Amino acid sequence: MGTLGRAGLAAAAGRARTLGMEGERPASQALSSGLPAGGADGDSPGDGAPLPGSSGSSTLLQAEVLDLDEDEDDLEVFSKDASLMDMNSFSPMMPTSPLSMINQVKFEDEPDLKDLFITVDEPESHVTTVETFITYRIVTKTSRGEFDSSEFEVRRRYQDFLWLKGKLEEAHPTLIIPPLPEKFIVKGMVERFNDDFIETRRKALQKFLNRIADHPTLTFNEDFKVFLTAQTWELSSHKKQGPGLLSRMGQTVRAVALSMRGVKSRPEEFMEMNNFIEMFSQKINLIDKISQRIYKEEREYFDEMKEYGPVHILWSATEEDLVDTLKGVASCIDRCCKATEKRMSGLSEALLPVVHEYVLYSEMLMGVMKRRDQIQAELDSKVEALTSKKADTDLLTEEIGKLEDKVECANNALKADWERWKQNMENDIKSAFTDMAEENIHYYEQCLATWESFLTSQTDLHLEEASEDKP
């Protein structure tokens, strides 16, 4: 760490002790005191692009999916590519002071009391001569002092969520930003929006915002506050602030150059983290594909079983001696159909969205690791230049000190957020699989009880007929 960095860290530690280390302060409080806050917001809007396809709704699983042009925001459900952002947008935004690092990674000191509640509801379709899109009402209730009111109501469209995601990645390049639903268009839904589709997307967007609200650092991001409180025209004005196109292009070119160069030696703990991400990505993608296939086959089975029951009713009309038996079979099939439909609903609402969300998380994590490596690669290039004395030594020494602080900040932020993410992931996956197991047990018990009741009634009937036939 550079001389300036060590001095700053000592000052930050002293101030933290004075404050009793009572946890993180909101970014707005840090700024008002004249100190840098962890992950200060950048000025340039994110260039994030929407990312791939959700599978939460039964309608979506049966439909054929087509790519949607970037300008069409009417039928988006899930954003899959986390790497489409300007990969060097973190450079001017990355907090370099040690106090920023302390504010950004001291998650364990966060209070447990929730003071920000967000709901996404009331989707509205908007049709213009240029495009058709959906907006959602976002209601925010809070007791935080930095908000001007205790309740806000705004309307946002999908591209606004994309902008927020991009700004969070710019300001916090090595924090794990929650994934957005993917963006795609489905055949047959161009003229009218499917209710199941819209509801699936609404739930995903609400989950996205609440994960940010529950995050100990992202929740205090200034752009997040603007997203929740600003009226539409105010948000549009806010989006236009920041460096121009040429500046962003220059940052992108430099980021590409650094990514091509790579890092000479990634620390062991991040090597292990990267290996975990690769393995996790393979497994969760495989589980996602198999789950989708099982759901599809289950739906085909359900559709056929719905036709199976009525056939027995029609058959009973021509078989006087089998009327009761055939009607009993039809009744059992009908009850099994209802149980199957209920199980499929649980699968599509509880398991599939969770598994697919972590597919998107795995891709997001790869992007985070890439951004961390780019920060380190920038430091490596400066150290190499100093070693070969290709530039002014004093200037390089100062830059290296700052970059060392930046790398340490990025590493500590990622390590702290990594443990938090892993704990959430384990809880979510365990809960989803446990719920699925309980649902399956209930389903098979219900079907078994249905057929056992039928068999018992038939046995009693046969015994009764046999006793009547005796002389």
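Reader: What should I keep in mind about the model before I read its features?

Author: In this predicted model local features need pLDDT of at least 70 and side-chain atom pairs count only at pLDDT 80 or more, whereas totals for chains, interfaces and linings use all residues. Residues are numbered from 1 along each chain as its sequence is written, and side-chain values use heavy atoms, with hydrogens and water left out.

Reader: How many helices and strands are there in the protein?

Author: Helices (H or I, at least four residues) and strands (E, at least two) are DSSP runs numbered from the N terminus, and the protein has 12 helices and 5 strands.

Reader: At what angle do α5 and α6 pack?

Author: Axes are lines fitted to C-alpha atoms, for helices over the stretch in contact, and angles run from 0 to 180 degrees between N-to-C directions. Helix α5 (residues 158-171) packs on helix α6 (residues 195-214) at about 30°, with the axes 12 Å apart, and the two are therefore roughly parallel (angles under 35 degrees). Contact means heavy atoms within 4.5 Å; here it is made by Tyr158, Phe161, Leu164, Lys165 and Leu168 of α5 and by Leu205, Phe208, Leu209 and Ile212 of α6.

Reader: Which residues of α5 meet α7, and how do the two helices pack?

Author: Helix α7 (residues 222-229) packs with α5 at an angle of about 165°, their axes being 9 Å apart, which makes α5 roughly antiparallel to α7 (angles over 145 degrees). From α5, Asp160, Phe161, Trp163, Leu164 and Lys167 meet Asp223, Phe224 and Phe227 of α7.

Reader: What is a nonpolar core, and which residues have the most contacts inside the largest one?

Author: A nonpolar core is a set of buried Ala, Val, Leu, Ile, Met, Phe, Trp, Tyr and Cys residues joined through side-chain atoms within 4.5 Å, where buried means under 20% relative accessible area (1.4 Å probe, protein chains only). The largest nonpolar core has 36 residues, and those with the most contacts inside it are Met273, Ile284, Tyr358, Trp418 and Trp421. The elements giving two or more residues to this core are α10 (268-316), α11 (323-388) and α12 (393-469), and its largest share, 18 residues, comes from α11.

Reader: What does Trp418 touch?

Author: Leaving aside residues up to four places away in sequence, Trp418 touches Ile176, Met273, Phe276, Ile277 and Leu365.

Terms used:
Buried means under 20% relative accessible area, exposed over 50%, partly exposed in between (1.4 Å probe, protein chains only). Angles under 35 degrees count as roughly parallel, over 145 as roughly antiparallel, 65 to 115 as roughly perpendicular and the rest as oblique.
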